[in-house]
Amino acid sequence: MPNILPLPPSAARMRPSPKMQKLCAWLMARLGWSMRGQWPDLKKVVVIAAPHTSAWDVVIGLLVIQASGLQVTFMGKQEAFKWPLGPILRRYGGMPVNRKAPGGVIQQVDENINASERMWFALAPEGIRREVKDWITGFWKIAKQADVPVCCAYFHFPDKVIGVGEVFELTDDMDADIARIRAWYKPFQGKKRGA
């Protein structure tokens, strides 16, 4: 099983240093983590990652991103993008959003997706690490409004696998789409629980 999945031609890419890529791939292997699946050959996509149960999800996710050279974009409140954290967040794909702006966060993200030649926008549909009954619907609204599919990435801690799976084309029925996507995640277990 390959440690790092190769990127397809259309994927959004960063330019990490070869040393950083090797270091991150080595760290993943040293920690016993590997990847499964195949990245979709898409220029624009909303990538969701679940189950999100631990800060380790972020650490493993950052190792994957750096080792593969994949450029993902994620949102954060604009206040977090001030010095000294701001340049670091931007370097790793952070996009500041104004939560009080007219039109809201979803419109800001969609404007950025539409203005970009390539963008893989990533977020956790659970929103937080603690267990939630319902997923936050923002990922669906962002993908629907931007007219892009949703790619499902997963953490499966029992086997130390981070995987890339199904790509879902959305319908006009948000509840049915989210139920279908959540059902797809059922086999996977985070550090503390399932999705």
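Student: With which residue does Glu117 form a salt bridge, and how far apart are the closest N and O atoms?

Tutor: A salt bridge is a side-chain nitrogen of Lys or Arg within 4 Å of a carboxyl oxygen of Asp or Glu. In this structure, which is a predicted model, Glu117 pairs in this way with Arg118, and their closest N and O atoms are 4.0 Å apart. Residues are numbered from 1 along each chain as its sequence is written, and side-chain values use heavy atoms, with hydrogens and water left out. Because the model is predicted, local features need pLDDT of at least 70 and side-chain atom pairs count only at pLDDT 80 or more, while totals for chains, interfaces and linings use all residues.

Student: Which other residues form salt bridges, and where do they lie?

Tutor: The structure holds four salt bridges, and one of them joins Glu126 to Arg193, with the closest N and O atoms 3.2 Å apart. Glu126 lies in the loop between strand E5 (119-123) and helix H5 (138-146), and Arg193 lies in the segment after H6, so this pair ties together parts that are 67 residues apart in sequence. Both Glu126 and Arg193 are buried. Another salt bridge, 2.9 Å from N to O, is made by the side chains of Arg180 and Asp177; both residues lie in helix H6, three residues apart, which is about one turn of the helix. Arg180 is partly exposed at 35% relative accessibility, but Asp177 is buried at 1%.

Student: What does Leu170 touch, and where does this residue lie?

Tutor: Contact means heavy atoms within 4.5 Å. Leu170 lies in the loop between E7 and H6, and with a relative accessible area of 16% it is buried. Not counting residues up to four places away in sequence, Leu170 touches Trp140, Ala143, Lys144, Val150, Asp177 and Ile181. Of these, Lys144 is 26 residues from Leu170 in sequence, and the two are 6.7 Å apart in space, C-alpha to C-alpha.

Student: How far does helix H2 reach, and what covers its buried residues?

Tutor: Helices (H or I, at least four residues) and strands (E, at least two) are DSSP runs numbered from the N terminus, and the expected span of a helix is 1.5 Å times one less than its number of residues. Helix H2 (residues 56-68), with 13 residues, reaches 18 Å from its first C-alpha to its last, close to the expected 18 Å. Its buried residues include Asp57, Ile60 and Leu63, and their cover includes helix H1 (18-30) and strand E3 (72-77). After H2 comes Gly69, whose phi is positive, near 85 degrees.

Student: Where is confidence lowest, and where is it highest?

Tutor: The predictor's confidence in each residue is given as pLDDT, from 0 to 100. Where pLDDT is low, the predicted coordinates should not be read in detail. For this protein the mean pLDDT is 90, and 95% of the residues reach 70 or more. Confidence is lowest in helix H3 (residues 85-91), at a mean of 84, and highest in helix H6 (residues 174-185), at 97.

Methods:
Buried < 20%, exposed > 50% of the residue type's maximum accessible area, 1.4 Å probe, protein only.
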